[in-house]
Structures are given as C-alpha cells and as structure tokens.
Amino acid sequence: MGQRVNTALRHLRQYGAALRQPTLTRRVVAVLLGALALCFAVLVGIDWLALRLGGPEVRALPNYTQQLLDSLPLAPAPPEHALIVLRATEQQTNRSRLSSDVALGPLLFQLQAADGTPHYASPGWPADWHWPESPPADGRIRIHGLTYWAEQYHNPQWQLTVLEPQPDDGMALRSLGSELLLSFAIALPLVLLPLWWSVRRGLRPLRQLVHTVSQRAPDDASPLGLDLRYAELQPLVQSFEALLTKARTHIERERTLTQDAAHELRTPLAVISAQAHLVCAASQPEQRAQAQAALEHAVQRASHLVHQLLTLAALDQPQPRPPQRIDVAEAARRLLIAALPRADARHIELALLADEPVWANLEPLALDSILGNLLDNAIHYGHDGGRVELNVQILPTEGDAPHALHLSVADDGPGIPQAEQARLFQRFERGRDVRARGSGLGLPIVAQAVQCLGGQLSLGPGLEGRGIAFHVRVPE
C-alpha cells in the first residue's frame with residue numbers, strides 16, 4: 001500500500017513539474033486569451049467613451065421619445081386614451097429595464113398639452129422642474145444633483161418629455177460588458193480550438209526532430225535525413241546538418257591524426273628501446289657512444305613529433321585565442337636568431353627583409369607556428385651553402401581591409417615538384433626524394449595557423465628562380 005502511495009505521489013510531482021514547465025502551445029494559447037481580453041477591454045472602453053462623450057446620435061432616447069409621441073392618439077380621441085398608451089408603455093419599458101442583468105434606473109415621463117397644461121407625470125418626476133429655454137447640446141441635464149439624459153418632442157396636441165437617469169461608471173461598464181460577453185464567449189472556443197490544433201500539428205515535425213536526435217548513439221554523426229517541410233524549421237535542420245558535417249570532419253581528422261601519430265611514434269620509440277638496450281649492453285666506449293648518439297637522436301625526433309602534435313592540437317581549437325598587438329619584425333628576428341645554429345651547421349645564410357617596426361594584431365602562437373615551421377622547412381630541405389630569406393611587409397589590398405600583412409619565406413634549394421605541391425599540406429606528408437626526415441606536420445601546422453588568422457597561403461618560385469617561396473597574407 002505504501003509503495004502505491006509513493007508511486008502515485010511521484011507521478012503527481014512529475015505531472016506538476018510538467019505543468020509548471022513553459023510550453024509553446026500554452027504560450028500561444030495564453031497570448032490569444034490575452035489578445036481577446038485586450039480586444040474586449042478596448043471595445044468596452046470605446047463604447048463607454050462614446051456613451052460619455054458622444055451626442056444624442058449614440059443613444060436610443062431621442063428615437064424612443066419621438067416614436068412614443070407618434071403613437072399617442074390625437075383628437076378627436078379623448079385625452080384619456082393618450083394617458084392609457086403612455087402608462088402602458090412606461091410600465092413595460094421600466095419593467096424591462098429593472099429586470100435586466102444590470103440595474104438601470106426607470107425612465108421618467110411628463111405629458112403636457114401643446115399649451116403647457118400638465119396631463120401626466122411619472123412617480124418620482126422632479127418637482128418644480130421645467131424644460132429649460134436653452135437645453136444643452138449633449139442632452140445632459142442636472143436636476144437636484146442628479147444627471148439625466150433629457151429629450152422633449154411635441155406635435156400640434158401633445159408635448160412629451162422623457163428623462164433617463166445617467167448610470168454611474170461601474171453600471172455603464174457592466175452594461176456594456178454584458179452585451180459583448182456573450183459574443184466573446186461564443187467566439188472564444190471557435191478561435192481557440194483551431195489554433196490549438198494548428199499549433200499541435202505544426203510542432204509535430206519539431207517533436208520528430210527531437211525524437212530522432214534523442215535516439216541517436218553518442219558517436220553517430222551521420223546526416224539526419226529529415227524533411228520538416230515548414231520553411232521556419234528548415235534553417236534548424238540545416239544548422240543541425242552543418243554541425244554534424246563539422247563533427248564528422250573533426251572526428252575523422254582526430255581519428256586519422258591519432259592513427260598516424262601512433263604509427264609515426266612507433267619508429268622513434270622502437271629506436272629508443274633498441275638503442276637503450278645497446279647502450280646498456282655495449283662493452284666498448286666507441287659502441288656505447290655510437291648507441292648513445294643514436295638514442296639522443298631518436299629522443300629528439302620523438303620530442304619534436306610530440307611538440308608538433310601539441311601545437312597542431314592547440315591551433316585546432318574551436319575558440320581561437322584573442323589577438324595581441326605584436327611587432328612582427330621583432331618576432332621574425334627572434335625566430336631567425338633561434339634558427340641560426342641549425343642554419344650554420346649547413347652553412348645556410350639567413351636574411352630578414354622587414355620594415356621597422358611592423359605592428360599587427362595577431363595570435364602569437366599562430367604567428368610563431370607559421371614563421372618557425374617555414375624556416376625549419378627551408379633549412380631542412382635546402383642545400384648546403386644556400387640562402388633563406390624572410391620578408392615582412394604591410395601592403396595595400398583591394399579587399400575590405402585597407403592593408404594586409406605579407407609574410408614570405410623563400411629559399412634557393414631544390415624546390416618541390418608541381419605534382420607534389422597539392423599534397424604538401426596533408427598531415428605526415430613528407431614528399432619524395434628528400435634527404436632530411438621530419439615529422440610531416442610542419443606545413444599542415446602552417447596551413448592551420450593561417451586559417452586561424454583568417455589569411456591566405458600560396459606558393460611561388462624561390463630566390464633567383466630556384467627553390468620555393470611560401471607567401472602568407474593576413475588582412476589587417
């Protein structure tokens with residue numbers, strides 16, 4: 001029994017939480033109810049203003065008085081016939097007014113002969129009051145502190161005066177509201193039910209999208225394949241498909257990188273293991289020194305590969321780092337100084353052509369990755385006794401930005417065959433017929449860094465028509 005009660009209470013709590021959670025259907029229905037309530041209030045307000053501020057044309061009293069006067073018998077009928085018609089009309093009218101949903105005061109009647117001789121006055125007719133010589137244009141008359149709408153018409157025999165008590169604001173609003181309430185009560189379900197049904201039907205494709213997404217596996221980035229048909233929902237599906245496409249591309253790149261990195265690290269790790277074994281087993285100093293040198297080379301190669309992988313991962317972040325104000329010429333000079341030992345080992349001359357200074361808003365890691373890897377490539381793959389030139393300039397541009405930062409690294413080495421240039425920026429691609437072994441990640445890192453800066457990367461001929469030059473343009 002207790003378990004059933006706990007289950008029922010849990011279901012009630014869940015149902016209450018679902019009711020408290022806002023939904024689009026309830027929001028649309030609530031907005032519609034609010035709009036109908038506003039329309040009701042505006043229409044009642046308009047009628048109330050017309051009743052308060054309008055002239056005789058907005059009231060029924062003038063026509064009522066004229067028609068009643070026309071219905072009274074004229075001579076040669078005796079005056080008693082007119083009094084009978086007037087009393088009967090008064091009794092019927094006031095009974096109807098007093099029995100209405102909103103209590104309205106009774107109409108007051110006075111019948112006089114054409115010469116002013118009184119013949120009849122309703123009970124409660126204001127004593128000692130006479131029709132003014134200049135009645136107000138709006139028909140309102142103050143009598144003993146009360147406001148009445150007054151009308152007077154006459155014919156050759158009779159003079160009829162009718163007074164209608166002006167209701168207070170609350171009574172007027174209740175009277176006007178009661179007239180409109182029935183119409184709105186009939187219109188409300190006729191409008192609300194089709195709208196509710198339309199919203200429910202319209203949200204069915206969205207519920208289908210939610211169901212499809214919730215049923216997918218966490219690693220499933222395949223296309224949704226949904227056609228939601230409504231134009232308002234098409235951008236949502238297209239955004240989902242674009243996001244899934246990016247996810248598939250990113251997952252594939254990460255999978256490829258992981259596989260290639262594992263493959264590339266296998267060789268230096270195997271060399272490290274073998275050389276470490278030789279260092280331990282070597283009996284001669286010459287053998288130990290040779291094995292130790294090979295061990296250090298393998299460790300250096302593995303360390304370089306890990307460093308390149310970390311750099312590539314840092315540049316591949318979805319949220320780029322904020323740019324900084326950098327003197328690009330000073331940064332290039334610093335990287336050239338760091339590369340001097342490697343260049344001197346091969347008697348390669350390094351040159352920097354740059355204005356002093358060259359300021360630009362750049363991300364430091366991206367700039368160092370571009371210049372550092374391009375310099376490493378030029379030194380590794382150039383010929384002994386060659387030359388490498390680094391150029392830093394601010395040049396005008398025809399695009400939206402008035403200026404662009406131009407970076408170039410050119411050498412006079414053997415160059416790269418045209419057929420292999422298309423594969424240069426693929427990860428772990430080293431090309432053929434190269435003497436120096438690298439990680440195959442330098443140029444992919446350059447391409448990723450240029451993309452992070454929103455720039456363009458292109459290739460051209462090197463120094464004096466030999467070698468190759470890498471050009472980078474970054475808009476300012």
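Cys39 counts as partly exposed, because its relative accessibility is 41%, between the cut-offs of 20% and 50%. Cys452 falls into the partly exposed class because its relative accessibility is 34%. A search of the whole structure, which is a predicted model, finds 0 disulfides. The chain has 476 residues, of which 36% count as buried.

**Overall make-up**

- The secondary structure of the chain consists of 12 helices and 12 strands.
- Among contacts in the chain with a separation of 6 or more, 64% are between residues 24 or more positions apart.

**Nonpolar cores**

- The largest nonpolar core holds 43 residues, and Val328, Leu362 and Leu405 have the most contacts inside it.
- At least two residues of this core come from each of the helices H8 (285-315), H9 (328-345), H10 (364-381) and H12 (442-452).
- Strands S8 (359-362), S9 (387-396), S10 (403-411) and S12 (468-475) likewise each supply at least two residues of this core.
- Another core, of 15 residues, lies apart from the largest one and includes Leu68, Ala82, Leu83 and Leu86.
- Leaving aside residues up to four places away in sequence, Leu362 touches Pro323, Gln324, Ile326, Val328, Leu367, Leu405, Leu453 and Val474.

**Packing of H9 and H10**

- Two packed helices are described by the angle between their axes and the distance between the axes.
- For H9 and H10, the axes come within 10 Å and cross at roughly 30 degrees.
- The crossing of H9 past H10 is right-handed.
- On the H9 side, the contact is made by Val328, Ala331, Ala332, Arg334, Leu335, Leu336, Ala339, Arg342 and Ala343.
- On the H10 side, the contact is made by Leu367, Asp368, Leu371, Gly372, Leu375, Asp376 and Ile379.
- Sorted by class, the residues in the contact of H9 with H10 are 11 nonpolar, 1 polar and 4 charged.

**Helix H12**

- H12 is mostly covered, with 8 of its 11 residues buried.
- The buried residues in H12 are Gly442, Leu443, Pro444, Ile445, Val446, Gln448, Ala449 and Val450.
- Gly454 follows H12 and has a positive phi, near 70 degrees.

Key. Residues are numbered from 1 along each chain as its sequence is written. This is a predicted model: local features need pLDDT of at least 70, side-chain atom pairs count only at pLDDT 80 or more; totals for chains, interfaces and linings use all residues. Side-chain values use heavy atoms; hydrogens and water are left out. A nonpolar core is a set of buried Ala, Val, Leu, Ile, Met, Phe, Trp, Tyr and Cys residues joined through side-chain atoms within 4.5 Å. Buried means under 20% relative accessible area, exposed over 50%, partly exposed in between (1.4 Å probe, protein chains only). Helices (H or I, at least four residues) and strands (E, at least two) are DSSP runs, numbered from the N terminus. Contact means heavy atoms within 4.5 Å. Axes are lines fitted to C-alpha atoms, for helices over the stretch in contact, and angles run from 0 to 180 degrees between N-to-C directions. A crossing is left-handed if the near helix is turned anticlockwise from the far one by less than a right angle, and right-handed if clockwise. Ala, Val, Leu, Ile, Met, Phe, Trp, Tyr, Cys and Pro count as nonpolar, Asp, Glu, Lys and Arg as charged, and the others, Gly among them, as polar. A disulfide is a pair of cysteine sulfur atoms within 2.5 Å.
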